[in-house]
Amino acid sequence: MIFAAVIFFTVSLYTAVDIKGCGRERSFYMFFMITYMATLGTLMAGDLLSFFLFFEIMTFASFALMVHERGQKVIEAGSIYIYFGIAGGLSILAGILVLSAYTQNYEWITLGEKFGEIGAVKYVSAVFFIIGFGIKAGMVPLHHWVPVVYPKSHLSVNALSSGILMKIGGYGILRLIVSVLTSTKGLQEANVNTILLTLKDVGAVVIWIGIITMIFGVIAALEQEKMVRMLAYHSVSQMGYVIMGIGVTAYLGFDGAMGFAGSFYHMINHGIFKALLFMVAGVVFFRTREKNMYKLGGLYRKMPFAATVGLIAALGITGMPLFNGFASKSILHHAIIEAYEYGHPAYRWAEYLFTFVSACTAASFIKLYSHVFLGPMPEKFKYVKEKYNIGTIGMVVLALLVVFIGVFPNFIMNYAIIPSARAMEFDPYFIDKYLMSMNFFNSKDLSSMLLVYTSGFIIYIAGVRFNLFHFHLPKQLDPESDFYQPLYKKSGEQIRSIFKKLEQIINVSDVFIYGVMLLLLIILLISFL
């Protein structure tokens, strides 16, 4: 909840610049606050049903933010977002109904009591939950909405979505798993063993889904010309890291504290540096009106602040030591190692793929930074001047967090993650041996990052030398190709008519806005009293 507050606060500073002069600012901030309250509601929910309700409110409110400009292409892209959101919500609801039909309960704390007694139905429920939460998390092959919506929406909305909203999908899967583990306390040994076997099967599938998501996202990101689409695909790839860590948590059961710590930590770190990256992309666009990185260059001379915080964010996402991404990626690397040491040897290949994706991530941000801020500057940008405003404060806050967490990685571990792991019934032996006083700056982890960056430079040089960064996906796999335009247009027209009616109501009087906010606050108070 503290992390959500930080992201919403910094993004709210940035929105003052991003949506200025776009119109309908009252409706934007109304939906912004509803999204914030709904996000907190999902985090505070004490049972599956209330979680689902707040999750759906968050989806619909964030949809209004995504399509704030109301242009034809924006509405068409937003229609994909809402369709995927509805499908995800229905899938989660189906999982809740299947599970509650056999357990007669919606509470997190009692999920495991009958979970081991319901046979193969628990796998059906698990599939529904993974699909539903996976859509929000951008999990491949359910990621289609991410590269469609992000290029069409405001950069501040992208920062919010990638910074926190996508994390709620990963949080939902992780909370289900740890809730099942925690609620096994006091159950018969046979039931506990059945639950652990089920989680192991589910975890094995989730690990490979996470690996596939990582690979697809990073390769697609390498092929992009526009900054926003590249960052969108990197959001998919980085959520693959989180999903993989969640899979390790389920696969190892009570021994999965490392996977829990890594996925939880990376959700925080990714939210910080990815929100900052979208803000940097926005600042560059505001000053140059250009999103194609191949048409930029040399902007560090004109925009030193953006170049500095952009470098900090890039070092964070690529896992450079002393920047926040290094800590969570190191934990996730250890987690996948534990998966083959305490599980199946096949996960050795998952570790190799993990390293490959990390190298490709480094290569893609070498590409982004060199094309945008380094090299010769086009003549048309010689009069560009950097401006500082209230959004700059939000960027400074996020940049400082990237550095602070990178320099003091044990701070969040000791004050948040380890206490949480102990409260969730993970084996104390694994927590004490591997997580307590963890030395992040050891020679093995540092040398592995040297390998990652060396490989990243090689991939980048090979990509430029052999023109590998201009490969285009088949039109069926490209969400912005002409193949999908008829569908976008038809659905966009329907949604536009709905929003016109809604805006007419909002514009009639401020009473409607205040009334809605008051009603939501009353509902929240009643729910938690």
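The dialogue below turns to the salt bridges of this predicted model.

Student: What is the general idea behind such pairs?

Tutor: Side chains of opposite charge can pair when their charged atoms come close.

Student: How many salt bridges does a search of the whole structure find?

Tutor: The search finds three salt bridges. One of them joins the side chains of Arg 348 and Glu 351, with a distance of 3.3 Å from N to O.

Student: Where do Glu 351 and Arg 348 lie?

Tutor: Both belong to helix 13, which covers residues 347-372. They are three residues apart, about one turn of the helix.

Student: Is Glu 351 buried or exposed?

Tutor: Glu 351 has a relative accessibility of 10%, so it counts as buried, the cut-off being under 20%. Arg 348, at 34%, counts as partly exposed.

Student: Which residue forms a salt bridge with Lys 382?

Tutor: The partner of Lys 382 is Glu 379, and their closest N and O atoms are 2.7 Å apart. Lys 382 counts as partly exposed because its relative accessibility is 34%, whereas Glu 379, at 56%, counts as exposed.

Student: What are the details of the salt bridge between Arg 422 and Asp 432?

Tutor: In this pair the closest N and O atoms are 2.6 Å apart. Arg 422 is partly exposed at 39% relative accessibility, and Asp 432 is partly exposed at 42%.

Terms used:
Residues are numbered from 1 along each chain as its sequence is written. This is a predicted model: local features need pLDDT of at least 70, side-chain atom pairs count only at pLDDT 80 or more; totals for chains, interfaces and linings use all residues. Side-chain values use heavy atoms; hydrogens and water are left out. A salt bridge is a side-chain nitrogen of Lys or Arg within 4 Å of a carboxyl oxygen of Asp or Glu. Helices (H or I, at least four residues) and strands (E, at least two) are DSSP runs, numbered from the N terminus. Buried means under 20% relative accessible area, exposed over 50%, partly exposed in between (1.4 Å probe, protein chains only).
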